[in-house]
Amino acid sequence: MRSVLITGASRGIGAAVARVFAEKGERVYLNYHHSHEAVQRLCRELTEKGCSVFPIQCDVSDPHAVQAMFGTLPPIDVLVNNAGIAQTKLFTDLTDEDWHTMLSTNLGSVFYCCRAALPAMIRQHSGRIVNITSVWGQIGGSCEVHYSAAKAGIIGLTKALAKEEGLSGITVNAVAPGVIQTDMLSPYTAEDLQALRDETPTGTLGTPMDVARAVWFLASPDASFITGQVLGVNGGLC
Ligand code: NDP
């Protein structure tokens with residue numbers, strides 16, 4: 001049984017990743033920030049199925065809080081950096097605060113969590129890191145410049161860290177979802193969502209489970225020779 005930490009596991013993609021890993025028999029730590037009720041509900045549901053799941057509150061955009069969180073955890077075998085926020089705004093309207101909040105939440109958190117998880121992985125000479133980036137980090141999203149920059153940063157971090165940790169038996173990969181039906185889409189109107197469907201070659205939006213299965217694959221023994229890669233889960237949107 002591996003110890004798995006999933007950031008942002010209270011809702012959406014992170015909750016689906018938690019379900020997959022927990023139901024496969026892993027010991028799963030579900031990080032969350034504000035959604036206490038949602039994470040408690042999910043933990044109750046999974047515990048009733050006999051899964052080993054533990055909620056852990058932490059704002060992963062805060063390096064001190066991340067350090068403190070890791071101080072309460074056993075060595076982590078699989079780290080899934082999923083926590084993230086979105087914001088749609090014209091580039092010319094972005095404030096310093098928008099920029100810093102986006103970068104610290106979506107990119108800083110990946111740095112802080114990898115930094116805290118790696119020493120134990122290096123000692124054990126094994127580990128899996130899967131970072132959730134976005135199609136917008138690959139191709140750029142209009143009115144999401146700060147989001148796209150943070151997600152592109154995750155891709156650079158993933159590729160560079162994979163090279164550095166290859167000899168330590170640790171793989172580092174990213175999953176780049178397209179448009180996935182979660183709360184993150186709540187600002188979009190029905191017309192916006194139809195336009196996104198029309199832009200996607202499959203004509204559909206993805207589900208959190210589509211992404212979760214890709215994360216599971218990258219953390220599985222079948223993917224032991226795969227590192228430094230970005231796996232698109234996007235219905236062909238690219
Ligand atoms: P949701 O908005 O549904 O969920 C976001 C999750 O991130 C929540 O669990 C939230 O926790 C957590 N979170 C946010 N900020 C923090 C923080 N500072 N500390 C800890 N946890 C935090 O988003 P999705 O499930 O859609 O997104 C998950 C990831 O997938 C994100 O990185 C997103 O950028 C990426 N993605 C999503 C796409 C989509 O179309 N949905 C497309 C491409 C990428 P809480 O609720 O407890 O505050």
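**Close-up views of a predicted model**

**View 1. His125 is partly exposed, with a relative accessible area of 48%.** The terms rest on relative accessible area: buried is under 20%, exposed is over 50%, and partly exposed lies in between, with a 1.4 Å probe and protein chains only. This is a predicted model, in which local features need pLDDT of at least 70 and side-chain atom pairs count only at pLDDT 80 or more, while totals for chains, interfaces and linings use all residues. Residues are numbered from 1 along each chain as its sequence is written, and side-chain values use heavy atoms, with hydrogens and water left out. His125 sits in the loop between H4 and strand E5 (127-132). Helices (H or I, at least four residues) and strands (E, at least two) are DSSP runs, numbered from the N terminus. Although His125 is not a glycine, its phi is positive, at about 55 degrees.

**View 2. Cys143 also has a positive phi, about 65 degrees, without being a glycine.** Cys143 is found in the loop between helix H5 (135-139) and helix H6 (145-165). Its relative accessibility is 26%, so Cys143 counts as partly exposed.

View 3. Along the principal axes, the C-alpha atoms fill a box of roughly 45 × 40 × 35 Å. A compact globule of 238 residues would have a radius of gyration near 18 Å, and the 17 Å of the protein agrees with this. The radius is taken over C-alpha atoms, and the globule rule is 2.2 Å times the number of residues to the power 0.38. Of the 238 residues, 51% are buried. Among contacts (heavy atoms within 4.5 Å) with a separation of 6 or more, 74% join residues 24 or more positions apart.

**View 4. Helix H1 (residues 12-23) and helix H8 (residues 208-219) cross at roughly 50 degrees, and their axes come within 8 Å.** That angle makes H1 oblique to H8. Axes are lines fitted to C-alpha atoms, for helices over the stretch in contact, and angles run from 0 to 180 degrees between N-to-C directions. Angles under 35 degrees count as roughly parallel, over 145 as roughly antiparallel, 65 to 115 as roughly perpendicular and the rest as oblique. H1 and H8 have a right-handed crossing. In a right-handed crossing the near helix is turned clockwise from the far one by less than a right angle, and in a left-handed one anticlockwise. On the H1 side the contact is made by Gly12, Ile13, Ala16, Val17, Arg19, Val20 and Phe21, and on the H8 side by Pro208, Met209, Val211, Ala212, Val215, Trp216 and Ala219. By class, this contact of H1 with H8 has 12 nonpolar, one polar and one charged residues. Ala, Val, Leu, Ile, Met, Phe, Trp, Tyr, Cys and Pro count as nonpolar, Asp, Glu, Lys and Arg as charged, and the others, Gly among them, as polar.

**View 5. H1 packs on helix H2 (residues 36-48) at an angle of about 20 degrees, with the axes 11 Å apart.** H1 is therefore roughly parallel to H2. Their crossing is right-handed. H1 supplies Ala15, Ala18, Arg19, Ala22 and Glu23 to the contact, and H2 supplies Leu42, Glu45 and Leu46. The contact of H1 with H2 has five nonpolar, no polar and three charged residues.

**View 6. The axes of helix H3 (residues 63-71) and helix H4 (residues 96-124) come within 9 Å and cross at roughly 30 degrees.** H3 and H4 are therefore roughly parallel to each other, and their crossing is right-handed. Pro63, Val66, Gln67 and Phe70 of H3 meet Tyr112, Cys113, Arg115, Ala116 and Ala117 of H4. The residues of this contact of H3 with H4 divide into seven nonpolar, one polar and one charged.

**View 7. Pro74 lies in the loop between H3 and strand E4 (78-81).** Pro74 is partly exposed, with a relative accessible area of 29%. Not counting residues up to four places away in sequence, Pro74 touches Ser3 and Tyr29. Pro74 and Ser10 are 64 residues apart in sequence and, C-alpha to C-alpha, 20 Å apart in space.

**View 8. Leu237 is in the segment after strand E7 (230-233).** Leu237 has a relative accessible area of 5% and is buried. Leaving aside residues up to four places away in sequence, Leu237 touches Val135, Trp136, Val179, Glu199, Thr200 and Pro201. From Leu237 to Phe91 is 146 residues in sequence and 23 Å in space, C-alpha to C-alpha.
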